Amino acid sequence: MGKAVPLLKRRYSVNERFTIVEDILRIEGSGFPGEIKASFVLLDTSLPKARPRLLVDNTDYPHEYHMHTGLPEDKYSKVFLGIFDHVEALELFYSEVRRILNEE
Amino acid sequence: MKSKVLMIKFQDLNLFMESGLEALKKGKSLVQPVDEIIFSDIGSYEKLMSPKKLHILTAIKSLQPESIYSLAKMVDRDFANVSRDCNALEQHGFIKLDDLGDNRSSKKPALSFDYDTIRVHLPSNISYSHMIAA
C-alpha cells in the first residue's frame, strides 16, 4: 500500500457530552473504492470510557459504508448503507448525528 | 522560552458540517491543526473545563503520572471520578491515554501535545488563557 494522505481530519466538541471525530484518508493501492478509507464517529462521555455512540465507516471488505447501530453494547451489528461514496456517507452520518442530538 | 498554546475555537455545528462537505466536494483537504480544539459554543467549553479538570491537566503537565491511579493520588481525589474526567478530557482532545498493557488495563495520561497554556478565542476577538504549567 502507498502513502496515506489525509483529506479530512477533524474533531468537534458538540457540547460537553458529544464529540464528532472525522477521518478520511486517501491510500494509494489500498483497494478501497476511490482509494478512500473513512470513519466518522460520535463519541459520548455518558458512556463508560467515552465509547462511540455512532460509527459510520468502510473499513471492512467490500468497503461499502455501514453504520454500527447497536453501540455501545453490540460492536458487531451493522447496517449496510448501499453507499461507496465518502461524501454521501458523511451526509448520512451528519443526519444521524442530528437525529441523536435532537432526541437527547 | 516561548509558550506552547492549545487554542480553543468556536464554530456553529451547521457551519462545521457544511465546511467539511464543501471541502470534500471541491476536492480540498481539511486537516485540523493538533494545537486546536473546536467547540460549538463557549458554554459547552466552560461546562466541560471545570477547575477540577484544569487541576488534572496541571498535574499531568507538571507531575507526569504513570497511571490514572497515580494521578488520582496526586490530585487527592477518588479514582473513579478522576478516571471519568480523564475519559472526558481524552474524548475532547485535551489528553491522550496510552495503554500500559498490564492485566488491569491501566492507562498513562499525557497531554495531547506538550502545551502549557490553553487559550480560549472568543468570537468577539477577545481571548483568555489558562496557564497549566506549574
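I shall go through the two chains and then a few selected residues.

First, the conventions. This is a predicted model, in which local features need pLDDT of at least 70 and side-chain atom pairs count only at pLDDT 80 or more, while totals for chains, interfaces and linings use all residues. Residues are numbered from 1 along each chain as its sequence is written, chains are lettered from A and ligands numbered from 1 in the order in which they are written, and side-chain values use heavy atoms, with hydrogens and water left out.

Let me begin with chain A. It has one helix and six strands; here helices (H or I, at least four residues) and strands (E, at least two) are DSSP runs, numbered from the N terminus. Read from the N terminus, the order of elements in chain A is β-β-β-β-β-β-α. With a radius of gyration of 14 Å, close to the 13 Å that the globule rule gives for 104 residues, chain A is as compact as a globular protein of that length. The radius is taken over C-alpha atoms, and the rule is 2.2 Å times the number of residues to the power 0.38. Along the principal axes, the C-alpha atoms of chain A fill a box of roughly 40 × 25 × 25 Å.

Chain B has five helices and seven strands. From its N terminus, the elements of chain B follow the order β-α-β-β-α-α-α-α-β-β-β-β. Its C-alpha atoms fill a box of roughly 50 × 35 × 30 Å, again along the principal axes.

Next, burial and surface. Buried means under 20% relative accessible area, exposed over 50%, and partly exposed in between, with a 1.4 Å probe and protein chains only. In chain A, 46% of the 104 residues count as buried; in chain B, buried residues make up 45% of 134. The accessible surface of chain A comes to about 5,100 Å², with 52% belonging to carbon and sulfur atoms. Chain B exposes about 7,400 Å², and carbon and sulfur atoms supply 52% of that area. These areas come from the Shrake-Rupley method with a 1.4 Å probe; for residues, only the protein chains shown count as cover.

Among contacts between residues at least 6 apart in sequence, 32% join residues at least 24 apart in chain A. The corresponding figure for chain B is 60%.

On charges, Lys and Arg count as positive and Asp and Glu as negative, whereas His and the chain ends are not counted. Each charge is placed at NZ of Lys, CZ of Arg, CG of Asp or CD of Glu. Chain A carries 14 positive and 17 negative charges, whose mean positions are 6 Å apart. Chain B has 18 positive and 17 negative side chains, and the centres of those two sets lie 2 Å apart.

Is Arg10(A) buried or exposed? It is buried, with a relative accessible area of 6%. A polar contact is a pair of N or O atoms within 3.5 Å; within protein, one must be able to donate a hydrogen and the other to accept it, and residues adjacent in sequence count only if both atoms are side-chain atoms. The side chain of Arg10(A) makes such a contact with the side chain of Tyr94(A), at 3.3 Å. Another, of 2.9 Å, joins the side chains of Arg10(A) and Ser19(B). Leaving aside residues up to four places away in sequence, Arg10(A) touches several residues, including Ile20(A), Glu22(A), Phe16(B) and Leu30(B).

The loop between strands E2 (18-27) and E3 (36-44) of chain A contains Ser30(A), which is buried at 15% relative accessible area. A polar atom of the Ser30(A) side chain lies 3.3 Å from the backbone nitrogen of Phe32(A). Beyond four places in sequence, Ser30(A) touches Met1(A) and Glu35(A). Glu35(A), which lies in the loop between E2 and E3, is partly exposed at 30%.

Most residues other than glycine have a negative phi. Glu35(A), although not a glycine, has a positive phi of about 60 degrees. Gln64(B) is not a glycine either, and has a positive phi of about 45 degrees. Gln64(B) lies in the loop between helices H3 (51-63) and H4 (68-74) of chain B and counts as exposed, at 56% relative accessibility.

Methods
Contact means heavy atoms within 4.5 Å.
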